There are 2 protein chains.
Amino acid sequence: MNTTGDQQLVKRINRSVLLRLTRARPGLSRAQLAEASGLTKSTVSLLTRDLLNEGWLREAGSAVASGLGRPSTPLFIDAEARALIGVEIAVEWVRVVGVSLLGEVLCTHEEASVGHAPGAMCAQAAALVARVHQVLVQRGLQVSGIGVGVPGAIDEATGRVRFAPNLGWRELDLLPLLARALSAAGVPAVPVHLQNEADVAALGEYEFSEDANTGPLIFVSCDVGVGAGIVLNDRLFTGAQGMAGEIGHTVLKIDGPLCSCGRRGCAEAFFGSRALARPRATARAGASFGVLLQNLWMAFDPSCIVVGGGSSLRHPALLQQALVTLAQYSASAGLALPTVRAARYGLQAAAVGAAALVLHRQLRPLHGGAPS
Amino acid sequence: MNTTGDQQLVKRINRSVLLRLTRARPGLSRAQLAEASGLTKSTVSLLTRDLLNEGWLREAGSAVASGLGRPSTPLFIDAEARALIGVEIAVEWVRVVGVSLLGEVLCTHEEASVGHAPGAMCAQAAALVARVHQVLVQRGLQVSGIGVGVPGAIDEATGRVRFAPNLGWRELDLLPLLARALSAAGVPAVPVHLQNEADVAALGEYEFSEDANTGPLIFVSCDVGVGAGIVLNDRLFTGAQGMAGEIGHTVLKIDGPLCSCGRRGCAEAFFGSRALARPRATARAGASFGVLLQNLWMAFDPSCIVVGGGSSLRHPALLQQALVTLAQYSASAGLALPTVRAARYGLQAAAVGAAALVLHRQLRPLHGGAPS
């Protein structure tokens, strides 16, 4: 059984378990990590030694005696050695953030986008990355990688942008363009990872969460479009063709208002940003948003639903009214609601999430569990 | 890294990969299995040796020479050594099937249920299991385990029935009752596994499928209630509280017809069996069923949707009309439809699926990928 591939798979799974535990419960000793993870003490010792050497973890200065036996040393995420860069390429702006391993935003650079030509957008993003990189290096931090979120469907296997309608991109091989632009901007070569904006926003909430809960998490993004990023079984879930979470085109009202897709009664027809721009739209939008969240609750049984995106920030009543709808159903059905809350990083959710994508990819095997 | 738990985890993942490959493509050699699975030849050799010894696989009588080198021996699932037993405890009947490792139904015993008292239902099921067990043993087959599907929510961690409204069960510890009844009926002790009926029906379609595709599969069951079983990342997906797939109470029409749950416009209000019993209900039901399937398609991006349950068999127009709705959307959106088809095992879907649950549990770790 001890082929290199198998060992690497298990090692990466277990590394991610230990790092998530240490982030959620800072100061655990090796013995406590072993107990909480179900791993043997010798496995935890080997893995923490590697994680310490590579700058993911640090030990506290002084060991703590715990009754009999050897004193145990508390372990912490090392936020002073490594950092992550997140890039959001949006329709109207490009935003780049430097983020610590604990999810703290260390610096932000953002600009209105220069247009939607892929080369120009890559050059613009690369220039901002160069500035953020410089800031991080000046703080003595090593950049582990760069994550990029775009408003479109990504093919996970090839890393191509399959379709980004609001940018006018289709079957675009973005990563090589971006690599050239980063090199031209003087950014040293580090791994670059690409994913959909709602997907990375979900990862941002998941990877930087304050608990080690692995129950399903759904990030609902309300903007021009309405989409969702889904994390389940400790992995990003993107479906058979990378299109899971296209909830803006789930129907909430058969024969309802006309949607931009040509059908009637889609979620976007109720609370996409065009629908919200109409006078007196918000009350109906809030109630129907509650119905969408309830449908997601029934279908996915998540432990947490996070609401973000520009519309949810401009119209806080959307979430408030949705919570009323959800509370009514929860009470009448006798079912405990999942946690439903606003995105922690506000407008920076996708950029910070893109940084979290670096963690997610570097700490976990890309697919399910089995090699294929 | 080489702790016993880690090795067992990887071993079970890889065993299931090899068995699914061999079921989908009978006659592969060890070298071909290595190529198709990405495992090393030595790993495949070790695992197939175990699987041969344990009666999961068999070698063909004669080796096949393949150009240079050693002749390669084709491998097949061994349907002559082991078999599975599936039990469906339904509201109106109890059904027990004997199933081969290839998904062939070898025998069926079913009866109208004697009532809903847990002890009496377990005794009735155990008597039917005893008959099926006898038939299988007479054919020289060894029973690997017994799977049980019930119409309710199951707590995966404890195996308790959390809530089965149509049986009147709540927080019921069914497995010990069943074990006693099986012992009293003279059934030798084998592992017994319990899960929700729609979940096991999904596993039946997945484990006994003719391809090794691991794309998401959704089994939609239409009966008194409407529910779904979901397989993704090569695992049954049941959500944070075991309630994922409660799609009968997703809303298809805000302010629509009254549902038994007190809300308006739920899927069950359109095509639950009570709604279908009304005159002239089927046309509207079929179109709205198409909307439900489309919503599932957008949310989960499955590679396959399977439609089953009593209502779908009594009203074949339901699926036909839903396919019209789906085809219209597929054409207008320029998106390729997932496979959408009727359940292969008809009314036996849950019983055969319960047998597949035995395979699923014995070949895979219970949760995600990481030990917790």
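## A hairpin in chain A

Two strands pair if DSSP finds at least two bridges between them. In this predicted model, strand β4 (residues 93-100) of chain A and strand β5 (residues 105-112) of chain A meet that condition, pairing in the antiparallel sense over 7 bridges. A:Val99 stands opposite A:Val105 in β5(A). The hairpin of β4(A) and β5(A) has 4 residues between the strands, and A:Gly103 takes a positive phi near 90° there.

## Domains of chain A

The domain assignment divides chain A into domain 1 (4-77), domain 2 (82-201 + 350-363) and domain 3 (211-343). Taken over C-alpha atoms, the centres of domain 1 of chain A and domain 3 of chain A are separated by 37 Å.

## Relation of the two chains

## The interface

Contact between the chains involves 61 residues of chain B and 61 residues of chain A. On the chain B side, α1 (4-24), α3 (41-53), β13 (235-237), α9 (282-300) and α11 (316-333) each supply at least two residues. The most comes from α1(B), with 8 residues. By class, the side of chain B that touches chain A has 28 nonpolar, 25 polar and 8 charged residues.

Which surface does each copy use? Because 100% of the interface residues of chain B are also interface residues in chain A, the copies meet through the same surface.

## The nonpolar core

In soluble globular proteins, nonpolar side chains tend to be buried together. The largest nonpolar core here has 200 residues, of which A:Val129 and B:Val129 touch the most other members. Leaving aside neighbours within four places in sequence, the contacts of A:Val129 are A:Ile85, A:Val87, A:Val96, A:Ile146, A:Leu182, A:Ala185 and A:Val187.

## Strand β14 of chain B

Strand β14 (residues 304-308) of chain B is mostly covered, with 5 of its 5 residues buried. In a regular strand the side chains alternate between the two faces of the sheet. From β14(B), B:Cys304, B:Val306 and B:Gly308 point one way and B:Ile305 and B:Val307 the other way, and all are buried.

Two strands of chain B pair with β14(B). Strand β11 (residues 217-222) runs parallel to β14(B) and is joined to it by 5 bridges, with B:Ile218 opposite B:Ile305. Strand β15 (residues 339-342) also pairs with β14(B) in the parallel sense, over 4 bridges, and B:Thr339 in β15(B) is the bridge partner of B:Cys304.

## Two buried helix residues

B:Ala201 is found in helix α6 (residues 197-207) of chain B. Is B:Ala201 buried or exposed? With 32 other C-beta atoms within 10 Å, B:Ala201 is buried, since the cut-off for that is 20 or more. Not counting residues up to four places away in sequence, B:Ala201 touches B:Phe219, B:Ser221, B:Gly229, B:Gly308, B:Ala343, B:Ala349, B:Ala350 and B:Gly353.

In chain A, A:Glu268 lies in helix α7 (residues 267-271). A:Glu268 has 24 C-beta neighbours inside 10 Å and therefore counts as buried. Beyond residues up to four places away in sequence, A:Glu268 touches A:Gly225, A:Val226, A:Gly248, A:His249, A:Cys259 and A:Ser260.

Methods
Residues are numbered from 1 along each chain as its sequence is written. Chains are lettered from A and ligands numbered from 1 in the order in which they are written. This is a predicted model: local features need pLDDT of at least 70, side-chain atom pairs count only at pLDDT 80 or more; totals for chains, interfaces and linings use all residues. Two residues are in contact if their C-beta atoms, placed from the backbone, lie within 7 Å. Ala, Val, Leu, Ile, Met, Phe, Trp, Tyr, Cys and Pro count as nonpolar, Asp, Glu, Lys and Arg as charged, and the others, Gly among them, as polar. A nonpolar core is a set of buried Ala, Val, Leu, Ile, Met, Phe, Trp, Tyr and Cys residues joined through C-beta atoms within 7 Å. A residue is buried if 20 or more other C-beta atoms lie within 10 Å of its own, exposed if 12 or fewer, and partly exposed in between; C-beta atoms are placed from the backbone. Domain bounds come from an automatic or database domain assignment.
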